[in-house]
Amino acid sequence: MSKKDEYFTMMEAQIKKWDAEVDKLRARSHEMSAEARAKYDDQIKAMRASRDAAHKKLQEMRTASESAWQHMQTGVDTAWASMKNALDKASSQFKK
């Protein structure tokens with residue numbers, strides 16, 4: 001397996017993990033007041049947008065040549081960091 005394939009496989013697994021975490025957060029939001037739930041839903045929408053952007057970058061990387069994918073990795077990693085930050089923020093606010 002090439003380094004590109006390993007990276008892609010690892011990132012696909014991470015997306016699935018984040019999808020499951022976001023689904024758990026969404027389920028927990030039903031325990032909140034309507035106002036808090038509305039704010040939380042906005043955060044979840046932002047997380048989904050970050051997730052979609054990360055997934056899009058990953059798909060672009062998948063079709064790139066072996067040499068080009070390394071240059072694209074920075075964009076994927078940036079999108080990943082955005083998704084992780086959004087998920088961490090939402091998770092910490094729910095715990096309050």
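The model is predicted: local features need pLDDT of at least 70, side-chain atom pairs count only at pLDDT 80 or more, and totals for chains, interfaces and linings use all residues. Residues are numbered from 1 along each chain as its sequence is written, and side-chain values use heavy atoms, with hydrogens and water left out.

The chain has 3 helices and 0 strands. Helices (H or I, at least four residues) and strands (E, at least two) are DSSP runs, numbered from the N terminus.

**Overall fold**

- The order of elements from the N terminus is α-α-α.
- The C-alpha trace spans about 50 × 20 × 20 Å along its principal axes.
- Of the 96 residues in the chain, 32% are buried. Buried means under 20% relative accessible area, exposed over 50%, and partly exposed in between (1.4 Å probe, protein chains only).
- Among contacts between residues at least 6 apart in sequence, 74% join residues at least 24 apart. A contact means heavy atoms within 4.5 Å.

**Helices α1 and α2**

- Helix α1 covers residues 3-28. It has 26 residues and reaches 38 Å from its first C-alpha to its last, close to the 38 Å expected at 1.5 Å a residue.
- Helix α2 covers residues 34-62. It has 29 residues and a first-to-last C-alpha reach of 41 Å, close to the 42 Å expected at 1.5 Å a residue.
- The expected span is 1.5 Å times one less than the number of residues in the helix.
- Buried positions in α1 are K4, Y7, F8, M11, E12, I15, W18, D19, V22 and L25.
- In α2, the buried residues are Y40, Q43, I44, M47, S50, R51, A54, L58 and M61.

**Packing of α1 on α2**

- Two packed helices are described by the angle between their axes and the distance between the axes.
- Helices α1 and α2 pack at an angle of about 165°, with axes 11 Å apart. That makes α1 roughly antiparallel to α2.
- Axes are lines fitted to C-alpha atoms, for helices over the stretch in contact, and angles run from 0 to 180 degrees between N-to-C directions.
- Angles under 35 degrees count as roughly parallel, over 145 as roughly antiparallel, 65 to 115 as roughly perpendicular and the rest as oblique.
- The crossing of α1 past α2 is left-handed. A crossing is left-handed if the near helix is turned anticlockwise from the far one by less than a right angle, and right-handed if clockwise.
- The α1 side of the contact includes Y7, F8, M11 and I15, and the α2 side includes Y40, I44, M47 and L58.
- Residues of this contact divide into 11 nonpolar, 2 polar and 9 charged. Ala, Val, Leu, Ile, Met, Phe, Trp, Tyr, Cys and Pro count as nonpolar, Asp, Glu, Lys and Arg as charged, and the others, Gly among them, as polar.

**Residues in α2**

- Q43 sits in α2. It is buried, with a relative accessible area of 18%.
- Not counting residues up to four places away in sequence, Q43 touches K89, A90 and Q93.
- R48 also lies in α2. It is partly exposed, at 25% relative accessible area.
- Leaving aside neighbours within four places in sequence, R48 is in contact with D19, V22 and D23.
- R48 and N85 are 37 residues apart along the chain, and their C-alpha atoms are separated by 12 Å.

**A residue in α3**

- A79 belongs to helix α3 (residues 66-95). Its relative accessibility is 11%, so A79 counts as buried.
- A79 touches S50, A53, A54 and K57, not counting residues up to four places away in sequence.

**The α1–α2 loop**

- S29 lies in the loop between α1 and α2. It is buried, with a relative accessible area of 1%.
- S29 and R62 are 33 residues apart in sequence and 35 Å apart in space, C-alpha to C-alpha.
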